[in-house]
Amino acid sequence: MSHSTGHQTAMPLPLLELRDLAITFSTSNGDVPAVRNAHLTVMPGETVAIVGESGSGKSTTALAAIGLLPANGRVSNGSIIFDGEDITHASEKRIVELRGSSIGMVPQDPMSNLNPVWKIGFQVRETLKANGLPSGPQDVAKVLAEAGLPDAASRANQYPHEFSGGMRQRALIAIGLSCRPRLLIADEPTSALDVTVQRQILDHLDTMTEELGTAVLLITHDLGLAAERAHKVIVMYKGQVVEAGPALELLTNPRHPYTQKLVASAPSIASRRIESAKKAGVRTQDLLAPSVTATAALDRVIEVEDLTKVFKIRGSWGTSTDFTAVDKVSFSIARGTTTAVVGESGSGKSTVAKMVLGLEGATSGSIRFDGVDITTLGRKEMFDFRRRVQPIFQDPYGSLDPMYNIYRTIEEPLRVHGVGTAKTREKKVRELLDQVALPSAMMQRFPNELSGGQRQRVAIARALALDPEVVICDEAVSALDVLVQAQILNLLADLQSELGLSYLFITHDLAVVRQIADHVAVMEKGKLVEQGTTDEVFDNPTTAYTQALLAAIPGAALELPPEVA
Amino acid sequence: MVWYIVRRFLQLIPVFLGATLLVYFLVFSLPGDATAAICGERGCTPAVVAGLREQYNLDQPFWIQYLLYLKGVLTFDLGTNFSGRPIATIIAEVFPTTAKLAIMALVIEAVFGIVFGLIAGLRKGKIFDSSVLVLSLIVIAVPIFVLGFLMQFLIGVKLQWTNPTVSGDATFTELLLPAVVLGLVSFAYVLRLTRTSIIENVNADYVRTATAKGLSRRRVVVVHVLRNSLIPVVTFLGADLGALMGGAIVTEGIFNVNGVGNTLYRAVLNGDGPMVVSIVTFLILIFCLANLLVDLLYAWLDPRIRYA
C-alpha cells in the first residue's frame, strides 16, 4: 500500500485518476481504438458515474483500472493512477494484490457472474482468503448479512441457482465489498433486475459505501439513475469523454449534442418530464405520440376474462403441486390503443402474453378476439387467427434465425400463409422495410451483421408482414439502449397511427409504459392488482405495490428544475 | 435421489430382456448346424448329435430355448459353452484382464487428455495448441489396427522396450503398450473436448469476477475454469469406460490379450451360441451401469442437475 500525504492537506489526492487513457483492441482487421483520451478522477469516498450506450467504451475504461481488459485489449496511451501509484503497467502480482482488497468490483449480470458449481459461501470465503482476511463460516455469514441477504448463515450453503436475481446481486455486492476496498467499480450493477429490486439494491449499496467511505465508479446507460446516485457524471460516446460535470448541472444544461439527446430520451427522465408538465397544466397527449380519443375505446379487439393458468410442478416421489401463474385475470384492449401489462419477473405477465398469442393453453377463462373465444379454436381457425395477432419478442439477438437472411425472415410468414406470388411478396418486403426505416439493400444481410436496434426493426417488419390487427410486444424494447429504445418506441407509435394497430405491451419498465401506453394493468404474483388509464394509474396509484413500482423508477427522487421539465 | 437410482435399476430389466432376446434370436438365426461346430471336421455319430441337441435344448423351438436360457440366468446358471466349460467361470477368468486394461487406458486418456487440453485451451491459437490439434486429428484419422501394429512393431519388436504380446499373467508392464494404443483415440477426443470446453469457460463472466476478487491466476484456472470445463469431459469418459470394459476386440487381438474381446471373437467364430449371448448380455449390463455412474457423477459435478 502506498500512502499519500495528500489527506493531510485541504485538497486530498484523487483515489483514482485516468489521464489521457487510450485503449486499443487488436483484431484480425488490425488495431481498433476503443477508448481515446479518457480523463477521469475519483476522489476518496466519491461516487462518479460513467454514462453511455453499449459500445461507448464505458465498461472498458472502468475494467482497465483493475487490469481486466479482454486478452486482445491493451492500454496504448496515458496512465492509470491509483492512490498516487502509477499502475498502468504494474506487474501481474501487484494487480492481483490490489484486486479485491483495494479495488472491488460488482459486475453487471448476477445470473452469469457467480460460478454455478460452487456454493455461495465458498465463493465469498475464497475472496476473504485470497486477500488475507479471516474466512471462517461466521465471517462469511457476516459479509453476506451486511449486503442485506436474509438468513445469511444457511444461505451460504446454497448454490447460485437456488438464489433469485436480487439475492445473487446481493451476494456479488457482498463479495465486492468483503475486503473493504477503497474503490468499488459497479458495472451496471442492477440493469438485469426488476425496478423495485433495483431500487433496494442501489439504496443498500449507497448506504454501505457511505458507511465504509468507499468511492464508487458507477457504470450505467441510464442518465436518470446516474444523476440520482452520483456526485459527478461523465458521459462517454464512441470511446471518448464528451462531457463531465456535477450530475444536476449536466441534466439541466447539457452542452454536447449527444448529452442533449440522452437527456431528451432517457425514459426515466421523460417520465419525470410528463409528470412535471402535468403539474404545469399540460395534457399528456400533447407531449406524447398521437393517442386515440376516448370514443374509439368502445370497440374492444381483445377481451380477456378470468384467465387462469395452472402449472404442475414436479416434486419428489412422483408427486406434483399446482402453481397458479395467472390467476383470474381480466382486461381488454380497445382497437387502435396500447394496453400495457406491467409487473416484475414471475408476476405472470409473459404467460398472459403467450396465452393471448395462443402459444400456451389456458387452464380456464376466455380470451375473445373480435368476439370469438380463441381458447376453443380448432387447428384451422387457429392458423387464421395467428395471421391477425403477431408477436415481437424481447431479445432481437435470439428471436431472429441466424441462418435466414433478412428477406427470408420477413417473407417467411407470407409464404407460410400462402400470401401472393414470389413477386408481390418481394414488393411487400420492400414496403415493410421502408415502413420500419431500413434500406431495402439490407434484404441480403444476415442478423449477425445488424445492430440490436436494426434487428428489432426487422422483428417489427416481420410481425407486420401479415397485416395483423394486434401486435403483442413482450419486453420489446428492454434489451435496447436508451436512444435506440426511444427510436423504436417512436416507430411503434407511428405505425400505430398509420395502420390502426392495437398493442399489448408486456414490460417491467414503468418509464416505458408512461411513454407509450393508453391503459395499464399491473400484475403481482399472477393476480391483476390494478388497472386503469395510464394517467390514472400514474397519478393515483391505489395499491401499495403500484406505488412501490412507481417509486422505483430511477430518477424518481430527482427534483428537476422547470426548464428541463 | 434414492428414488432415481431405484428407477434406473428398474429400467435395466427391460433393457436386459430386450438385449438378450435380440442377441439370442440373432444367434439362433445363424446358418448352419450348431452341433457341427462342436463335432469338428470328423463329425459325430447321430446318437451323439441327438444327445448334444438335447443337452443344449437345440431340439426345442426358439421361444422354449430362450425361456430356458432366461431361467438359467435368473438362477445364476449361465450354463456351459460348447466345450463343456461353465460360462460363468470363463467370464470370471477373462474379465479381470479386460477390466485392468480398460482402467489403465482410461487413466492414460484422462490424465493426458485433460492436461494437454487445458494447456491448449489456455494458449488458444499458439504453437502448442495448433500442434496438438493436428496430432490429435492424425490419431483420430488413422484406424486403430494400424496404430496398434505400428506401435507393436516399433516399441515391442524394434526397440524391445516391452514384450510385443501379453502373456497369460497379463502383468502391468505387459499391458502398458496395449493400454496406450487403446487409450490413444479416446485421448484425442478427450483433448479436443477439454480444449473446447476450456475456451468456452475461460471467457465466462464468473471467471472475470473471480479474477476481480483478487484470486491468483492459478486458483482461477483450477477452481473456476477447470472444474466447470470437466463436466462434458466426465460424461465422455464414463461412456468410454463402458465401451472399454466391453473389451477391445482389435487391440486385444493384436496384443494377444486373453480378455473379454478376444473370447467373444472366438465364440462368434465357433458359432458358440450360449457363450455369445452370455458375454453380450454381461457387457450390456456393464455398459448400463457405467452410464448410471456417469449420470450420478454429473449431478455431483454440476449441482444444478437434480434427479427426481
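Trainee: Which residue is the bridge partner of Ala340(A) in β19(A)?
Mentor: The partner is Val520(A). Please note that this is a predicted model, in which local features need pLDDT of at least 70 and side-chain atom pairs count only at pLDDT 80 or more, while totals for chains, interfaces and linings use all residues. Residues are numbered from 1 along each chain as its sequence is written, and chains are lettered from A and ligands numbered from 1 in the order in which they are written.

Trainee: In which sense do β13 and β19 of chain A pair?
Mentor: Strand β13 (residues 338-342) and strand β19 (residues 519-524) of chain A are parallel, joined over 4 bridges. Two strands pair if DSSP finds at least two bridges between them. Strands (E, at least two residues) and helices (H or I, at least four) are DSSP runs, numbered from the N terminus.

Trainee: What is the strand order in the open sheet of chain A?
Mentor: The order of its 6 strands is β16-β17-β18-β13-β19-β20, with mixed pairing. β16 (389-392) and β20 (527-533) of chain A stand at the edges with a single partner strand each, so one side of each lacks a neighbour in the sheet. From one strand to the next, the twist averages 15°; angles run from 0 to 180 degrees between N-to-C directions, with axes fitted as lines to C-alpha atoms, for helices over the stretch in contact.

Trainee: And which strands does helix α13 touch?
Mentor: Helix α13 (residues 349-356) of chain A packs on the sheet and touches β13, β17 (470-474), β18 (502-507) and β19 of chain A. The direction of α13 makes about 150° with that of β18(A). Contact here requires C-beta atoms, placed from the backbone, within 7 Å of each other.

Trainee: New topic: where is Asp151(A) found?
Mentor: Asp151(A) lies in the loop between α4 (137-146) and α5 (152-155) of chain A. Its phi is positive, near 60°, although Asp151(A) is not a glycine. Most residues other than glycine have a negative phi.

Trainee: Is Asp151(A) buried or exposed?
Mentor: Asp151(A) is exposed, because 11 other C-beta atoms lie within 10 Å.

Trainee: What about the phi of Arg180(A)?
Mentor: Arg180(A) has a positive phi of about 50°. Arg180(A) sits in the loop between α6 (165-177) and β7 (183-187) of chain A, and counts as partly exposed, with 14 C-beta neighbours inside 10 Å.

Technical notes:
Two residues are in contact if their C-beta atoms, placed from the backbone, lie within 7 Å. A residue is buried if 20 or more other C-beta atoms lie within 10 Å of its own, exposed if 12 or fewer, and partly exposed in between; C-beta atoms are placed from the backbone.
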